[in-house]
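With the model open in your viewer, follow the stops below in order. Each one names what to select and then says what is there.

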Amino acid sequence: MGYLNYPKMSHGGHLVNMINEYAKLKHEYGAQGIADIIGDTDKFLQAQLEKMTALQIDEKLSANEPNDLQEIKKLRIPAERRLWKTFDKPVYSDKVKGAFYGRMSGCILGAAVEFWSIDAMESWAKWIGDEFPNKHYWSKIKDPSGIHYGLSPSSGYTMEGLDGVPVDDDITYTLLGLLIAEDCGLNFTTEDVGKCWLKYLPYACTAEDVALCNLKKGIPSDKCGETDNPYVQWIGADIRSDPFGYLAPGMPEKAAEMAYYDAYISHRRNGIYGEMFFSAAIAAAFALNDPFEAINKALCEIPKESLLYKDVIWALDIKNTVKNYRHARELVDTRFEGMSGVHTNNNAALVIFGLQIGNGDFTKTIGNTVAMGLDNDCTGATVGSLFGACHGFGSIDKIWYEKFNNKLHSYLIDRPSFTIDDVLNRFAKLAEKNVNG
């Protein structure tokens, strides 16, 4: 049993499906009264949903996990919050390139097997003759004729088919973060984020989808994340961390603040802290060469009594005991039993274990992180970014990027493609301004 001891979940989905299928069958048999039963079922389910959302939360837990930035700051541990006083252009150029290329590489590797079980990945690797954990992109992909995000052929995520960086939300949100800072400045607000979402973001998933739909309904940006949104602690804000780390090198507090205003549009509590945490870690990595030092520095930017803080500490405390990717997953499944596989906290632990197993080797780091499963395009991207920000571009074997061809594809409105060099130059321009004031 995991430490959160989730209650046993309802099997209502199965029951609703059975009701619907019997309704069709009974209609075919000429039965009467079907519509009344379905109507009563819908009314009952709606009433149960309203009861669930109306339940009172634990006030003590809530006080330990505030949503207000100033209250969050009050609950941090003391720390040095600015590591760079001036902008170091040569170091920045190498590390931001490493971070961005690392992010793209980890994402592509994971996107081909997103949410696959470990057994399924191992079996597929054996079937196609690939090493596992991977030492290069997958040589083959299931359904190669499929279209990812309606734009990139599935074959484009393989060693042979790769031509530029294919579309994925984990990369698109990195680009969107840059556009937010360019359009609205480095001191943007959540309202600015909302305007940019409406301008650039055509669609989204889970918490982001709820927030985007709420924006289109005219709900204010600062209310979109808490309106009809059960996904507020999921990983969606976490995967938007990177641009703010790139924009605030050596400034973990500033990176966390930028991440806060971005996260608030769609997330609350640990969902917000996840974006703040990884943004701060990546920012710190520009001034440090050890990802675990960067992680410890990033912990200083989130509430010390929050679940995420405690879960990261747990992962750090036991990381030296982790034997391999399968053992890492077993540890996470045990501690977080019942938690969604796309939650912020369990996936954050996998990133830490991936860094430990990788032990300074980029290929081992992203390969083993993806091999752990759960939301493994997200964890692969995050671990690759943090690794690259610590160790620089030279730490990444060219096998991972030689077919990027200086181009990447996106589904952002009126922004279908970018050149990688241009994106890096645009990050550098704003980062220098941010550090030097």
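Select Tyr 149 in this predicted model; the residue sits in the loop between S1 and strand S2 (152-153). Check the backbone here: phi of Tyr 149 is near 55°, a positive value in a residue other than glycine.

Next, select Arg 269, in the loop between helix H12 (252-263) and helix H13 (270-285). Phi of Arg 269 is also a positive value in a residue other than glycine, near 50°. The relative accessible area of Arg 269 is 19%, so this residue is buried; the cut-off for buried is under 20%.

Go now to Pro 133, found in the loop between helix H6 (118-128) and strand S1 (147-148). Display the peptide bond from Phe 132 to Pro 133: the bond is cis, with omega near -5°.

**Helix pairs**

H6 passes H16 in a right-handed crossing.

For the next pair, select helix H14 (residues 291-299) together with H15. Their axes are 11 Å apart, and the packing angle is about 155°. H14 is therefore roughly antiparallel to H15. The crossing of H14 past H15 is left-handed.

Then select helix H17 (residues 344-358) and H19. Here the axes lie 9 Å apart and the helices pack at an angle of about 50°. H17 and H19 are therefore oblique to each other. H17 passes H19 in a right-handed crossing.

**The largest pocket**

The largest pocket holds about 2,200 Å³ of space.

Which helices each supply at least two residues of the lining of the largest pocket? Colour helix H1 (12-28), helix H2 (34-54), helix H3 (59-64) and helix H15 (307-318) to see them. H2 gives the most to this lining, with 10 residues. Colour the lining of the largest pocket by class, and the count is 20 nonpolar, 19 polar and 11 charged residues.

**The second largest pocket**

Move to the second largest pocket, where about 240 Å³ of space lies. It is lined by 20 residues, of which the closest to its centre are Asp 169, Cys 205, Thr 206, Ile 239 and Asp 375.

Select helix H7 (169-184), helix H9 (206-216) and helix H19 (376-391); each supplies at least two residues of the lining of the second largest pocket. Which helix gives the most to this lining? H7 does, with 3 residues. By class, the lining of the second largest pocket divides into 12 nonpolar, 2 polar and 6 charged residues.

**Two residue pairs to check by distance**

Select Tyr 6, in the segment before H1. Tyr 6 is partly exposed, with a relative accessible area of 31%. Draw a distance from the C-alpha atom of Tyr 6 to that of Phe 336: the two atoms are separated by 9.2 Å, while the residues are 330 residues apart along the chain.

For the last stop, select Gly 225, in the loop between helix H10 (221-224) and helix H11 (242-247). The relative accessible area of Gly 225 is 0%, so the residue is buried.

Methods
Residues numbered from 1 in each chain as written. Predicted model: local features only at pLDDT ≥ 70, side-chain atom pairs only at ≥ 80, totals over all residues. Heavy atoms only, no water. 1 Å grid on protein atoms, 1.4 Å probe; cavity = no way out; pocket = protein on both sides within 12 Å on 5 of 7 lines; lining within 4 Å. Points joined across faces, edges and corners; volume = space filled by probe spheres on them. Helix = DSSP H or I, 4+ residues; strand = E, 2+ residues; numbered from the N terminus. Nonpolar A, V, L, I, M, F, W, Y, C, P; charged D, E, K, R; others polar. Buried < 20%, exposed > 50% of the residue type's maximum accessible area, 1.4 Å probe, protein only. Axes fitted to C-alpha atoms, helices over the stretch in contact; angles between N-to-C directions. Parallel < 35°, antiparallel > 145°, perpendicular 65-115°, else oblique. Left-handed = near helix turned anticlockwise from the far one by under 90°.
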